[in-house]
Amino acid sequence: MDSITQIVLGAACGEAVLGKKIGNRALLFGAIGGTIPDLDVFVGKWLFNNEIDAMAFHRGFMHSFLFAILAAVGFGMLVFWIYNRGKRFGMTTQNQWMWLFFASIFTHPILDSFTAYGTQLFAPFSDYRVAFNNIAVADPLYTLPFLIALIVMMCFKRSSAKRRLFLKIGLGISSLYMILTLVNKNHVHGVYKQALEQQQIDYLRFQTQPTILNNILWYGIAETADAYYVGFYSILDTEATISKWHKLPKNHELIEGMPKDLKTLAWFSGGYYNLNETGTPDTFLFKDLRYPLMDENDPNSSIFKFTITKTNDRWEAAPFYASDLSEDAFEAFWTRIKGI
């Protein structure tokens, strides 16, 4: 999920492990731990000079169970060695610091796995991307109550029982909301499946996920032999069905064969992608269709797209961009959430 959410969850983990002993500093170190896995964005750019390779590295090994264990041991030993000096000598143990970093780092990829992006929890042993698709990468209803509870908690002394109470409130509300998103996911999955069958769309597979910043408006994509069908459903809709489908051609044949870099992009997108010509030789627009259109009425308003260009024997991806997203598109998006 977004960085703020990961910082909040990491801080809560820090408080749970060492809050009683070092107070608000536990939140700081927990927040640092909760941020560490996402540093793979910078590590990937340092390791690879190809944007596709760097993109594939994100949510890879540094988001795995193995990394959480190794990093917890390393950072725990380092911070204990730095912290356990002078007046602070004997206040904490090395094991406690390891547990703090393990909890804050380990929960980061677990939380990420609930989004549509996918997380390689089992790397380097497997490149399988765990993605439950039940919450958006940024959802204020998950983050804000959690953040407010932690801010209130910080106002109390570390020995106060109220401090523990507000920690439980923050963790409890966020966890209950996460359960609610799973309930919504189950309901929405059934709506899409029924709509596909009723409208006799001969699909191979389909998936659903919430749109950004909410868990009310959902987006679904179904794959057929030569195209994808995409549509929206709001939990506030008067009828439990998909009223409008867009048929998007795959256009996978635009690039002959399946070069290594395109295989990586296909794996990255879970196979839900299409290609469009740009008018420039050996340059195509790659759209990751796991993510919603911004305008239900505009099949070209895909939010996650970038150009790919063949250079020598490699394909290179330009940075992600979100062009063509006008103020009207955002207004249409928020209007659609209200239901039809």
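**Exercise 1.** Find which residues His-58 is in contact with, leaving aside its neighbours within four places in sequence.

*Solution.* Start with the place: His-58 lies in the loop between H4 and helix H5 (65–83). Helices here are DSSP runs of H or I of at least four residues, strands are E runs of at least two, and both are numbered from the N terminus. Next, list the partners, where contact means heavy atoms within 4.5 Å: Asp-38, Asp-40, Val-41, His-63, Tyr-117, Gln-120 and Arg-129.

A note on the model: it is predicted, so local features need pLDDT of at least 70 and side-chain atom pairs count only at pLDDT 80 or more, while totals for chains, interfaces and linings use all residues. Residues are numbered from 1 along each chain as its sequence is written, and side-chain values use heavy atoms, leaving out hydrogens and water.

**Exercise 2.** Decide whether His-58 and Trp-99 are buried or exposed.

*Solution.* Recall the cut-offs: buried is under 20% relative accessible area, exposed over 50%, and partly exposed in between (1.4 Å probe, protein chains only). His-58 has 14%, so His-58 is buried. Trp-99, in helix H6 (residues 94–112), has 56%, so Trp-99 is exposed.

**Exercise 3.** Work out which residues of the largest nonpolar core touch the most other members.

*Solution.* Such a core is a set of buried Ala, Val, Leu, Ile, Met, Phe, Trp, Tyr and Cys residues joined through side-chain atoms within 4.5 Å. Of its 19 residues, pick out Ile-255, Leu-265, Phe-286, Phe-306 and Ile-308. Then look at the elements: among those giving two or more residues are helix H4 (51–57) and strand S7 (305–311). H9 gives the most, with 4 residues.
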